[in-house]
Amino acid sequence: MKKIELEILGLSSSQSQSGSFALVLGEKDGSRRLPIIIGMFEAQSIAIQIEKINPTRPLTHDLFKTFALQMDVSVQEIMISDLKEGVFFSKIVCHAGEKEFELDARPSDAIAIGLRFGVPIYTVESVLSEAGIILSDLDEEEDEDEETDEIQTSASKESSASASSSSSKAKLTEVSVDELNKMLNEALEKEDYEKAAKIRDELNKRN
C-alpha cells in the first residue's frame with residue numbers, strides 16, 4: 001500500500017456546517033487537496049500547535065503526549081487510512097521499544113497529536129481519489145496567497161473578529177511592549193489562544 005504524504009495548508013471556519021471548521025490537507029509535491037470537517041475543540045488544538053502557543057493548562061492532546069512519553073511510547077506517523085460513507089478513519093502508528101502498534105482515532109485527534117510529536121501525515125490513493133480535490137494552476141496560485149493567512153488566523157474567521165473586538169480600544173501596533181506582554185498573559189489565563197496568537201505575532205515583529 002503506497003503512502004502519500006500530506007501537509008496542512010489551511011484551517012478556517014466551515015461554510016457548510018455551523019460551529020465546525022475545515023482543515024485542508026494538501027498532497028505533498030502534488031495538486032490534490034483533502035478537506036476534512038472537524039470540531040471546534042480539535043480545530044483550536046491544531047491551531048495553537050501551528051501557532052506554537054503554550055497553553056497555561058495542558059489540552060487533551062498535550063496530556064496524551066505527556067502520558068506516551070512517560071510510558072516510553074513514541075508516535076511514528078499519522079495515517080488517514082479509509083473513507084466510508086463520507087466519514088474519514090485514521091490511525092496513530094506508535095512504537096514502544098521494538099513493538100509497533102496502531103491506535104484508531106478520528107483524523108482531527110490524530111493530526112493534533114501528530115503535530116505535537118512532529119511526525120508526518122499520510123493517506124492512501126483510494127482516499128485521495130474519492131475525496132481529493134484537484135486544483136488548476138490558476139486556483140493554486142490564488143490558494144497559496146490565502147493559505148498562510150488562513151493558518152495565521154488560528155481556528156476561524158470568527159476568532160479574528162473576536163480578537164479585533166477585544167483590542168478595539170487600542171490597536172496592537174499602538175500598545176507598548178510591556179502592555180502587550182500583560183495582554184498576552186491575560187489571554188493565556190483566559191485560554192483565548194486566538195487572541196494570544198495575534199499578540200505574540202505583534203511581539204515577534206517588535207523583536
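Biologist: Where is methionine 183 found?

Modeller: Methionine 183 sits in helix α7, which covers residues 177-189; helices here are DSSP runs of H or I with at least four residues, strands are runs of E with at least two, and both are numbered from the N terminus. This is a predicted model, in which residues are numbered from 1 along each chain as its sequence is written, and in which local features need pLDDT of at least 70 and side-chain atom pairs count only at pLDDT 80 or more, while totals for chains, interfaces and linings use all residues. Side-chain values use heavy atoms, with hydrogens and water left out.

Biologist: Is methionine 183 buried or exposed?

Modeller: Methionine 183 is buried, because its relative accessible area is 11%, and buried means under 20%, exposed over 50%, and partly exposed in between, using a 1.4 Å probe and protein chains only.

Biologist: And what does methionine 183 touch?

Modeller: Leaving aside residues up to four places away in sequence, methionine 183 touches Leu172, Val175, Lys195 and Ile199, where a contact means heavy atoms within 4.5 Å. Arginine 200 is 17 residues from methionine 183 in sequence, and the two are 9.8 Å apart in space, C-alpha to C-alpha.

Biologist: Stepping back, how many helices and strands does the chain have?

Modeller: The chain has eight helices and eight strands. It has 207 residues, of which 45% count as buried, and its accessible surface comes to about 11900 Å², with 48% of that belonging to carbon and sulfur atoms. Those areas come from the Shrake-Rupley method with a 1.4 Å probe, and for residues only the protein chains shown count as cover. Among the contacts with a separation of 6 or more, 58% are between residues 24 or more positions apart.

Biologist: Now α3: how many of its residues are buried?

Modeller: Ten of the eleven residues of α3 are buried, so that this helix is mostly covered. The buried ones are Pro107, Ser108, Asp109, Ala110, Ile111, Ala112, Ile113, Gly114, Arg116 and Phe117. Just after α3, glycine 118 takes a positive phi of about 65°.

Biologist: At what angle does α1 pack with α3?

Modeller: Helix α1 (residues 40-50) and helix α3 (residues 107-117) pack at an angle of about 20°, with 9 Å between their axes. The axes are lines fitted to C-alpha atoms, for helices over the stretch in contact, and angles run from 0 to 180 degrees between N-to-C directions. The angle makes α1 roughly parallel to α3, since angles under 35 degrees count as roughly parallel, over 145 as roughly antiparallel, 65 to 115 as roughly perpendicular and the rest as oblique. The crossing of α1 past α3 is left-handed; a crossing has that hand if the near helix is turned anticlockwise from the far one by less than a right angle, and it is right-handed if clockwise.

Biologist: Which residues make the contact?

Modeller: On α1 they are Glu42, Ser45, Ile46, Ile48, Gln49 and Ile50, and on α3 they are Ser108, Asp109, Ile111, Ala112, Leu115 and Arg116. By class, this contact of α1 with α3 has six nonpolar, three polar and three charged residues, with Ala, Val, Leu, Ile, Met, Phe, Trp, Tyr, Cys and Pro counted as nonpolar, Asp, Glu, Lys and Arg as charged, and the others, Gly among them, as polar.

Biologist: What about α2 and α3, at what angle do they pack?

Modeller: That pair packs at an angle of about 55°, with axes 9 Å apart, which makes α2 oblique to α3, and α2 passes α3 in a right-handed crossing. The contact is made by His61, Asp62, Phe64, Lys65, Ala68 and Leu69 of α2 with Asp109, Ala112, Ile113, Arg116 and Phe117 of α3, and these residues divide into six nonpolar, one polar and four charged.
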